[in-house]
Every structure is written in structure tokens, then in C-alpha cells.
Amino acid sequence: MFGGHRITFLCVDDRRMDSSSGLSTRSTGGGAQANEGAVEVGGARRRVPHVEMKLMESVEGSEVGLNNDITALMLHQQIDRRKAAVYLILISLLIFTTAFLLGYVAFRGTCGLCRDEVDLLPLSDEAGADTSPKEGVMYMAELREMLKKYLKEERIESTLRRVSRTSHPSGSSEGNAIAQEILQNLQNLRMDHTWTDSHYATLQFPSRTQRNTLWLVDSEGAELEEIRLDGEGYCAYSATGNVTGGVVYVNYARHEDFKQLRAMGVALNGSIAIARVGGGVSFAEKVWHAQEAGHVGVLIYPDPADVPQDPRRLGLHSNAVISDHVHLGSGDPFTPGFPSFNHTQFPSTQSSGLPIIPAQPISANVASTLLSQLSGVKCPRGWQGRLPYVQCVLGPGEGRVKMGVFNSMKPVLLNNIFASIEGKIEPDHYIIIGAQRDSWGPGAVKSGVGTAILMELARTFSNMVENGFSPKRSLLFVSWDGGDFGNVGATEWLEGYLTMLHLKAVAYFSLDQAILGDDNLSVYTSPLLADLVEGAIKQVEHPKHTGQSILSLVQRQGGWRNIVKPLYLNSGAYSFTTFGGVPAMELHFVEDARTYPFVNTQLDSVGRLQELLQGRLGSVGRAVGELVGLMVLKLSHDHILPLDVTCYSSTALQLSSKLSLDAGHLQSRGLSLQWVFSARGDYSRAAKKLQETIKNSDVQDERLARLYNTRIMRVEYYFLSQYVSVVETPFRHVLHGRGDHTLSALAEHLSLLRSDPHLFNEARFRRQLALFTWTLQGAANALSGDVWNIDNPL
């Protein structure tokens, strides 16, 4: 202070490292008392180092301040020379100090450790990420600590036990009671909004009057012996009726399995396929492949090689069956592409993904009975299961089978339950967390785990808001109905808001089946969200290895990218990305050496899950909640959405490399790859340019940040093909979807040039290449921004 006897100057080291992440944050220096060396941040006092510079002590015996002494020196000539010399020294010191301070002000930008008070603003953990000068903004480190503080593993286990007490399928009294309890609990959390979204959907259940049957018959079709089936096991959306044929073993009923069967000359037309559970394909895909191969029916069983079969060691008993739906799609198959509000008012239609052949789950014992009667060619290497006393041959044998499926359709009122916390800066941009609520059985894994973690995250974020957390973007917590029938509730909601979701939904996190074990983490995600995974797993302790982060264990297995996998058809997140154009993610903790065998059975109970986890159910649930919570925090906190828009550049580059291998074959047919290469380059340049523009912009400008975020949010939507029908081809994403318009279909067709040139269809390939090129070019143009920014040289 110039008016007193000293000046205090602070030089603060404002870059500090967060011990848990290794990423830097800033401390705030405004309002701190210099002599105490502390600052106030988010309600907590923090120590900061300071340096005091005392310019001058008060002169003993002096009755005037520094200014008066100078005046006195000039006016009164009678002051002795010694005192004058002292004053001259002090004046020189003052001039020197003033010059030093002026020099500091002029060159303070070169001091990496010193900052002016106005520069000391909260900063997120990553260099170059968002800062905010607004009062009340909290550090990411503080938000992480709040998240950990409020997440309670005992609450997760308690909710799981309540939800999984008994079977609670959609439309049942038990299901409705759970829905009402969840709605009431969300309302008690004092969310900004709670509401329900209802749809009438057509679901399929076992018939109450006619059970499904399986008979051994003679060559004339006369019934010889009935093979008793599990009355509760069925395949929802199977075709109905009786079919008869010989039996053929088709392994997992994958596309490559049928390709191998045809190459071996096995007769498939008119036969009934026996396929085993697993192999990386869903029930719906198995039935679809069998249907395409000419089979008239499909029986699906759990083989001991894939699903543990010993009840004494947490396995199925040999008479148990696994049920699942067989609609190759999601949502109500009788209102494809539009929501089921009151579809009786609309023309009758149905999904192209509904099978036209019957399907039925059978037990390992029934499979043994049927497969032991087969003859013919021996199975290829790797097809041998572990059914006792069964020699692996493909069939068909002399015996024939008659199967009858008599499931019935029923309109059911579905209720999706929503709760939201409004964002303060971009309230119309949503981060969505959801979980399936219904289950054919107790559904501890199928629906209970997801619902329990969902409710705990909702409670945790509600408590965080009450204690100072202010998300920039809105958080939506959703309990979906109709999940057992192909994510019907979630898809109907997507269909209802399809035209606007790419403008509002930032990302979707599915909590379905998040706990299948406690050894390894698998993350199924859109590539746009992949980079969030690394930041989250380094912050969360592994539920089975105390004191070690999930990342530390993952690194021993080859790095975090090894746990990141593509979305799959039956995932609760799949339709959000491939149908809705919203980046989505689903996480699973799984066992290292064995599979949890009880999903989609009547044995999926809390007790069995807890036994598998050796009492760690709560801690695994907490780890999943913390992982998702950290990623949600990041998405709701940063000024610029942390989505990697360049991720699809590498995918397009890989495509170019594959196409280049066959460039000679294509050119000989008059096909040029110029335009797809051009589109790939345009997208890569547009993505890189957007990143650089953001990096060099003032991201604290809310208007500018919103413009960038809107462009980033639309990237996934850009890859939905605009050239195919949403009714006929719902999964329109050209990279992750299903259909002839996709990159995988194009690559598979292209491979025929080398393997089976006579099967290559030039007209079809031209169309495939054109559709993909136009979609990729459209994504590049949209990512570039306004039309005058598009780089389109002549």
C-alpha cells in the first residue's frame, strides 16, 4: 500500500496438478488476504504461496508519511545533510522499485508462474479445456469428489433387490407397481421435471390356450414321440404355425457358418436348423441367417461349451432354456419408423425384420436328443460343442422333426419414465442416461442392475446440484419399458422425436446388463465417445483390486483401446446411434474365465449374481456408476463438447486402403474411385479444420461455443444415409448400421472380385458405392459449416 508503510505483492503458482488424474487446474486468487496466503474456491479455503516485498519501514521519530517527507526535504533547507542523504537514498529506492514494478507489468506475459488476479479462473482438468469466469463454477476435481461422496453402493444393492423380487414383464401388475415406485422416487428427488411417455405397442407372449410343441415324426409326417418343451421359454416375434423337416446342425448360425455349410454341400432347404446360443450374434440374426439359407424353422439351445451347465457351480441345469426376441430390429415391429401412439388409426404395416419362419428355444437335453440322431458329414473343426454322448455331425439324418409355435400378439401400454435436471447454459442440449425396467424373469442382470445404477445416479446428481453443481447442459434420467422385446420403449421414443434429437441429444449412456462379472470392463460405443473412456477409467478404482485404477489393469492387457468395441444389435445403445444418429455407449463388467449364464432365464436372481461376484455386487455397481457419472460430468461441464469429430477420418482412410487393393479390378470394369477418395479427403480436412478453429477461438463466448457444439452434435447424424427408407432400413448409419447401404456390405461385396468374381454384381456395387460416397460427402459438407466455407475446388 502506497498510503501506508508496506506494499504486498503476490506471485502465485496457479498451475497445480490434480493428484488423481495428472491433469492441471487453476486456483483462484481474487479476494484472498495477502497476509493469510489463502484463497476461497467453491466454498473451501486453499493455501497459495506468496512473496511479501516490504518497500519501507516507518522512519522512527517521523511524524509525516513519505510524501510529506519529500515535501519537507524540498521546502526546508535547514534539515541537516545526514537526514537529507537518508531521504535521497529512500527516494532512489522508491524510484528503483517503481521501475521494477512497471517492468513487471510490461513483461508479465513472459512469466509462466505469475498471473494477474483477473486471470485466476476455474479451469477444467485438461489443458485448453473450458474456463468460466462465472461465480459458483466448480472445479472438475471438486465435482469428482462430490460424485464419489454421494454415490452409495448399499443403495444400489437395495434398489436391485427391490426391483428383482419377481418376474415383471411389460403390462403386468408387478411391472406397473415397479414403474410407479420409480416415478415416485424420482419425484421425491425434486428434479426440475418428471413425466411419463406412453405408447401402445404390440408384443408377443406364449399362448395361454395352446402350448408350443416339438415332435419326432416319420417320413410321412406321422407323430411318433413328443419332446416336452419348457412352457415359459419362447422367442418373441417368432412366426407361428407348424413346420416339419429334417434337422441340420448349423453351429452358431452365423453368416460364415452358413457359407461353410454351402461350400460342404450340406442340404439346407426345407430343413430345421439347430443352433447354439452365442457366437457374437443375437437370436434375431441367427433366425434371419437360417431363413435366408432356406430353413423352415430354428431351434436354439445353450451348449455347455458356451454356457455353464452345472448348477453346483453357478451353471444352468440341463433342462433350462434361454429366451430372447427374434425381431431383426428394434421397437414395435408393427409401426416401423413411426411411434406407437395409436396405430389403429394408421394403415397396417410391419417391419421387414420380422421372421417368416418359427423359432423356439430348447434345452441342452432336448438338443442332445435331436443331435444324437443325426448322420452325414462330420462337423468342421471348431464346431464341436460339449453335449455329452453326442458325436458332432451336420445331418440331416433319416429322422424328421415337427415343431409348432403358437405365441400370440397383444397390445400393451408401455410407460417410459423421465426425470431431468435443467442445464444453465444450454438447457436444450441433453445428456441421457437410461436403463431397461421390464423382465420376463426376476431379471437381476437383465433389468435390475441398470435400474439400480440409474436411480443412484439420479439421486447423486440431484444431491450435487443442491450442493453447488450447476451443469451447463441438461441431464435426462430414463427408465425404459418393453426392453425385453427389442428396446421397444426406447425406440418408440426415438421415433417420436427423430426429427429433432440430433439437435438436442448430446449422448446416450445405456446401463443395461452393466454387471455380468467383476474382472474385465468392456465398452461398446460410438467412436465419438471413445476418448472419454480413458479419462474415466484412470479415475475409478477397480472393484476387485483395491488401490488400483481400472486403467492400470487395462494397460497390462495392451491398453485402454482394447476394451473399446463397436455397438452390437441387441445393445440398449445401438438404436440411438444407428437409428437416431446420437452417440451412444454401453458398459459391461464381465468375468474373465466364465459367462454369467442366467440372463433371459427364470434363474437371473440377485442371489446368484451376488454369489458370482463373491459379495462385491455393491462395489461393482458403484464402479459402473462412477464411470458413467464422470463421463456425464465431462459432457455437462466443458464449454466445448469433448466429442472426437476426427474419429471417422481414420475409418474413411481404412476404406480407401481396402478399395485401393481392388482398384485395378474396378478400373477394368469402368469404375472410378476418385469421388469416394475425394469425399474421404474432404471429411478429414473439415474435421481437422473445425478442431483447429475451436482451438484458436474464445470458447468462453457462449454464442460461439453453442455454434461449435451444434456442429459437433450433428456429426453422428450426418452418417445416417438419407437415401434409404427409415421404414424398410431403420439402422441407416453407413458405418454401424445394417443393410446394403453400409460400409460393411460394400466391403463384403467388393471381396467377391477376388473370391467369387461370377457373383459380383456391378450394378449393385455401383449403387452401394454411390450411396456411401454421397453420405460421406454430405457429412464433410455439413461439418464444414456454412455453404461458403465448403472447400469445393474445380
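The protein chain has 794 residues, and 54% of them count as buried. Its secondary structure comes to 23 helices and 22 strands. Among contacts in the chain with a separation of 6 or more, 77% are between residues 24 or more positions apart.

The mean pLDDT of the protein chain is 83, with 81% of its residues at 70 or more.

Where pLDDT is low, the predicted coordinates should not be read in detail.

Two packed helices are described by the angle between their axes and the distance between the axes. Helix α3 spans residues 140–150 and helix α16 spans residues 617–637. Their axes come within 10 Å and cross at roughly 150 degrees. Angles over 145 degrees count as roughly antiparallel, and α3 and α16 are therefore roughly antiparallel to each other. Their crossing is right-handed.

On the α3 side, the contact is made by Met-140, Leu-143, Arg-144, Leu-147 and Lys-148. These meet Arg-622, Glu-626, Gly-629, Leu-630, Leu-633, Lys-634 and His-637 in α16. By class, the residues of this contact divide into five nonpolar, two polar and five charged.

Key: Residues are numbered from 1 along each chain as its sequence is written. This is a predicted model: local features need pLDDT of at least 70, side-chain atom pairs count only at pLDDT 80 or more; totals for chains, interfaces and linings use all residues. Side-chain values use heavy atoms; hydrogens and water are left out. Axes are lines fitted to C-alpha atoms, for helices over the stretch in contact, and angles run from 0 to 180 degrees between N-to-C directions. Helices (H or I, at least four residues) and strands (E, at least two) are DSSP runs, numbered from the N terminus. Angles under 35 degrees count as roughly parallel, over 145 as roughly antiparallel, 65 to 115 as roughly perpendicular and the rest as oblique. A crossing is left-handed if the near helix is turned anticlockwise from the far one by less than a right angle, and right-handed if clockwise. Contact means heavy atoms within 4.5 Å. Ala, Val, Leu, Ile, Met, Phe, Trp, Tyr, Cys and Pro count as nonpolar, Asp, Glu, Lys and Arg as charged, and the others, Gly among them, as polar. pLDDT is the predictor's confidence in each residue, from 0 to 100. Buried means under 20% relative accessible area, exposed over 50%, partly exposed in between (1.4 Å probe, protein chains only).
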